[in-house]
Amino acid sequence: MLLKALIFDVDGTLADTERDGHRLAFNRAFAEAGLDWDWNEGLYGKLLGVTGGKERMFHYVANYRPDYVKPADFESLVTRLHAAKTRHYTELLDRGVIPLRPGVRRLLDEARSAGIRLAIATTTTPANVTALLRNSVSPDAESWFEVIGAGDVVAAKKPAPDIYHYVLERLDLPPSQCMAFEDSENGLRSAQSAGLKTVITINDYTRTHDFHGAAIVLDQLGEPGMACRVLSGPRLNGAEMLDLPLIRRLLSEP
Ligand code: XBP
Ligand code: MG
């Protein structure tokens, strides 16, 4: 049996955290600091092209705010803003506002029962992963994941493959024995560059991305009573959801 582990992205894949989670938290941090930066839903979609919150803020100022006069300690301002943003984001999650995407809990449970190992590969800050797992999966969900690769543990964020290399190394598995789960083009490129096959579940921010090379592109993973739709890739022959037998099939296809 080839399949040994499932490696999940977090934002947009486990849950739709961006529009009503990260975006709101950024805006709260900006307002708290007295800045007139306001990331509306449309602008945020463009800013998501840059992964990582600090990197996203640098990109915003460089590309959208030629009027903004940077203070001498701009880098430390961004660090402080990011810490405040993480505080706002984890507070939002502690209030339980972000549910898991359909089929995520079902697949996690199936994998755990079958002894398939679980891991996370994300650009987001570790505290954000912990808050989502505890609040939206289960209070002990952190312990379900053998490796949690997150944030600044690698120098280059997605689309670079570094975070997947980091996770594979710690799992001590070759990419051929794992399936990655992503929602975005940057995520797919990252996983692909590390040699991983990748399942994509799209969301409103990523539905127009280029998912060339994905093992399959779905609207969501599917659960009983909520069949998933294949947007590109092999047919599921009437199956309602992506389960372990189908993941094994995708992994063994050339
Ligand atoms: C997620 C991100 C993250 C979050 C913000 O990308 O880009 O930057 O939006 O996280 P992916 P931080 O799903 O591809 O990992 O503010 O904690 O950096
Ligand atoms: Mg993502």
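**Ligand 1 and its surroundings**

In this predicted model, an oxygen atom of ligand 1 lies 2.8 Å from an N or O atom in the side chain of His 82. The protein buries 97% of the 450 Å² that ligand 1 exposes when taken alone. Lys 85 also makes an approach of this kind. An N or O atom of the Lys 85 side chain is 2.6 Å from an oxygen atom of ligand 1.

The shell around ligand 1 holds 18 residues. The closest of them are Gly 53, Arg 56, His 82, Lys 85 and Thr 125. By class, 10 residues of the shell are polar, 6 are charged and 2 are nonpolar.

Three helices each supply at least two residues of this shell: helix 1 (18-32), helix 3 (53-64) and helix 4 (74-94). Helix 1 gives the most, with 3 residues. Domain 1 covers 5-16 + 99-252, and domain 2 covers 18-94. Because both give residues to the shell, ligand 1 lies between them. The space that ligand 1 takes is the largest pocket.

Two backbone features were found in loops. The peptide bond that joins Lys 158 to Pro 159 is cis, and its omega is near 15°. Pro 159 sits in the loop between strand 3 (147-150) and helix 7 (162-171). Asp 172 belongs to the loop that runs between helix 7 and strand 4 (178-182).

Definitions and conventions. Residues are numbered from 1 along each chain as its sequence is written. Chains are lettered from A and ligands numbered from 1 in the order in which they are written. This is a predicted model: local features need pLDDT of at least 70, side-chain atom pairs count only at pLDDT 80 or more; totals for chains, interfaces and linings use all residues. Side-chain values use heavy atoms; hydrogens and water are left out. A residue is near a molecule or strand if one of its heavy atoms lies within 4 Å of it. A polar contact is a pair of N or O atoms within 3.5 Å; within protein, one must be able to donate a hydrogen and the other to accept it, and residues adjacent in sequence count only if both atoms are side-chain atoms. Accessible areas come from the Shrake-Rupley method with a 1.4 Å probe; for residues, only the protein chains shown count as cover. On a 1 Å grid over the protein atoms alone, a cavity is a set of points where a 1.4 Å probe fits but cannot get out, and a pocket is an open set with protein on both sides within 12 Å along at least five of seven lines; lining residues have an atom within 4 Å of a point. A molecule sits in a cavity or pocket if more than half of its atoms lie within 2 Å of its grid points. Helices (H or I, at least four residues) and strands (E, at least two) are DSSP runs, numbered from the N terminus. Ala, Val, Leu, Ile, Met, Phe, Trp, Tyr, Cys and Pro count as nonpolar, Asp, Glu, Lys and Arg as charged, and the others, Gly among them, as polar. Domain bounds come from an automatic or database domain assignment.
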